[in-house]
Amino acid sequence: MKKTQSHRIRTYFRFFIFIFVFFLYFAGVFVMPGHADSALTAQAASANVPSLNARITQNNILKLLNTYDTDGAYLLKNRIAAGDDILTWFAGCSDILSGIDTAVHEETHLYSYAAEKNGKAAYYVGNQKTIYVPYTEVFPSIEMASSIPSSMRTFRYSAYIADADDDLASNVDGIYGLLNEFMAYRSGMSTILSLYDYLIDQDADWDTWMLFINECENDMQAYAEFKYYILHYLYYAKQNYPDIYRAIIQNTQFCKAYKKLESSYAKLIRQYQKDLKKLQKYYAKKGYTLTIKNSTISLTTPQKRTICMCRCYSTYLKLEKKLNKTRYTNLHNKLLAGVS
C-alpha cells in the first residue's frame, strides 16, 4: 500500500464532508455549543488520559489508546518498535483525534506487510491476532473496472480500482490487496469508535463530535465499498478466470480472514449506529436537537439555529442493496463456508 496515496484519499474525503459544514459556520448560521475546557472525569483523570487539546506526542497518543483501544495501542507500539514515526500521520492535524484513525489505518498496512512470512499474507483481525494466508494466482483489480456499473462507482472506485497505480496493493495483489485495505479501514474504525466514551468524558464540543462522525462515516462507507469490490472480484473471476476463482474459494485461510474481518467490521457499524442514537439522547439532555437522516446529520440549538453536515449513509445503503443481490450473497456464503 502506498502510504502517501492512502493518506491523501482520506484527507480529500474529510475536505468534501467539512466544506458544507464550515460554509454554514462562517456564514454565521450557527453558534457552536461550548464545553468545559479539558475537564476530566474521575475515571479519565485516574488513568492519566491526555485531554482533547493535549500536545500531539507519541506518549500522549499511546496513553489515550492504552486506556480506550488496546488494539490500536498494540499496532502502534509494534510499529514504533520497528522504527516507524507515527507522528507522520498527524502532519497538519490540530489534535490527536484528527489523525488517530489515519495513523492506525496506515500502520495496520505496515504491520501487515512486515508480518508476511513464507509467502503468506498477514491479516490483523483484532485482539492481537493475525491470520496468515497463502497467496494464490490473481489478476489486477483494474481489469474488472469496466464491469462495475456506473451507479456503483462510488468514492473509492477511481483510486483503488479504475485508476489504481500499478504498484498499489489493492490492484497488483488483486483480492488479497482488497482484503488488506478492508482490514486497514476496519482497524481505523475500531479505534475512532472506541473513543466515544473518551469524548463523553471530555464533554467534547460539536466541532469534535463532527470529526468523530466524519471518520466513522468514512469508514462505514469503506466497509460497503471494499466488501463489494472483494465479492465482485470473485464474480468477475468466476466468469473469466475459473482457475483463479476456485483457488481463492478453496483457500481456507483467506476464507477465515474474510469471515473474521467482515463480521467484526459489520459489528462496528452496528455499534456506530447505536452510538449515534446515544449521542442524540446526550444532546437532548442539553436542550439541543440532533436530527439523523440518511444524507445529513444536523444539530439545532435551543435558539433554533441549525448546522447540517453531509453523511455517507445513503451511499452505504445503495451498496448494501447491491450486496444483497443473489450473486453476491452466494459468493459471501461460499467464503463463509470455506472456513474449516
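Before the close-ups, one term: a cavity is a set of points, on a 1 Å grid over the protein atoms alone, where a 1.4 Å probe fits but cannot get out, and its lining residues have an atom within 4 Å of a point. Grid points are joined across faces, edges and corners, and a volume is the space filled by probe spheres set on the points. This is a predicted model, in which local features need pLDDT of at least 70 and side-chain atom pairs count only at pLDDT 80 or more, while totals for chains, interfaces and linings use all residues. Residues are numbered from 1 along each chain as its sequence is written, and side-chain values use heavy atoms, with hydrogens and water left out.

Rolling a probe the size of a water molecule over the atoms shows where empty space is left. Here the largest cavity has a volume of about 50 Å³. Sorted by class, the lining has seven nonpolar, three polar and two charged residues. For this sorting, Ala, Val, Leu, Ile, Met, Phe, Trp, Tyr, Cys and Pro count as nonpolar, Asp, Glu, Lys and Arg as charged, and the others, Gly among them, as polar.

**View B. The second largest cavity, with about 40 Å³ of space.**
Its lining consists of Asp-69, Asp-71, Gly-72, Leu-75, Val-104, Tyr-124, Arg-186, Ser-187, Ser-190 and Thr-191. The elements that supply two or more of these residues are α4 (70-81) and α8. Helix α8 gives the most, with four residues. The lining divides into three nonpolar, four polar and three charged residues.

**View C. The second largest pocket, with a volume of about 330 Å³.**
Unlike a cavity, a pocket is an open set of points, with protein on both sides within 12 Å along at least five of seven lines. Of the 16 residues that line this one, the closest to its centre are Asp-71, Asn-127, Arg-186, Ser-190 and Leu-268. Elements α4, β1, α8 and α12 each give two or more residues to the lining. The largest share, six residues, comes from α12. By class, there are three nonpolar, eight polar and five charged residues in the lining.

**View D. The hairpin of β1 and β2, with two residues between the strands.**
Strand β2 (residues 129-134) pairs with β1 in the antiparallel sense over six bridges; two strands pair if DSSP finds at least two bridges between them. To follow the pairing, find Ala-122 and its bridge partner in β2, Tyr-132. In this hairpin, Asn-127 takes a positive phi near 55°.

**View E. An open sheet of three strands in the order β3-β4-β5, with antiparallel pairing.**
Strands β3 (289-292) and β5 (306-310) stand at the edges, each with a single partner strand, so one side of each is left without a neighbour in the sheet. Neighbouring strands are turned by 15° against each other on average, direction ignored. Four bridges join β3 to β4, and these two strands form a hairpin with three residues between them. Five bridges join β4 (residues 296-300) to β5. Thr-300 is a handy landmark: Thr-289 stands opposite Thr-300 in β4, and the bridge partner of Thr-300 in β5 is Thr-306.

**View F. Helices α10 and α12 against the sheet.**
Helix α10 (residues 206-240) lies across β3, β4 and β5, running at about 20° to β5. Helix α12 (residues 252-285) lies across β3 and β4, running at about 155° to β3. Contact means heavy atoms within 4.5 Å. Axes are lines fitted to C-alpha atoms, for helices over the stretch in contact, and angles run from 0 to 180 degrees between N-to-C directions.

**View G. Tyr-185 and Phe-226, a stacked aromatic pair.**
The two rings lie 5.7 Å apart, centre to centre, with 25° between the planes. Tyr-185 lies in helix α8 and Phe-226 in helix α10, so the pair ties together parts that are 41 residues apart in sequence. The structure holds 27 aromatic pairs. Rings of Phe, Tyr and Trp (its six-membered ring) pair if their centres lie within 6.5 Å; planes under 30 degrees apart count as stacked, over 60 as edge-to-face and the rest as tilted.
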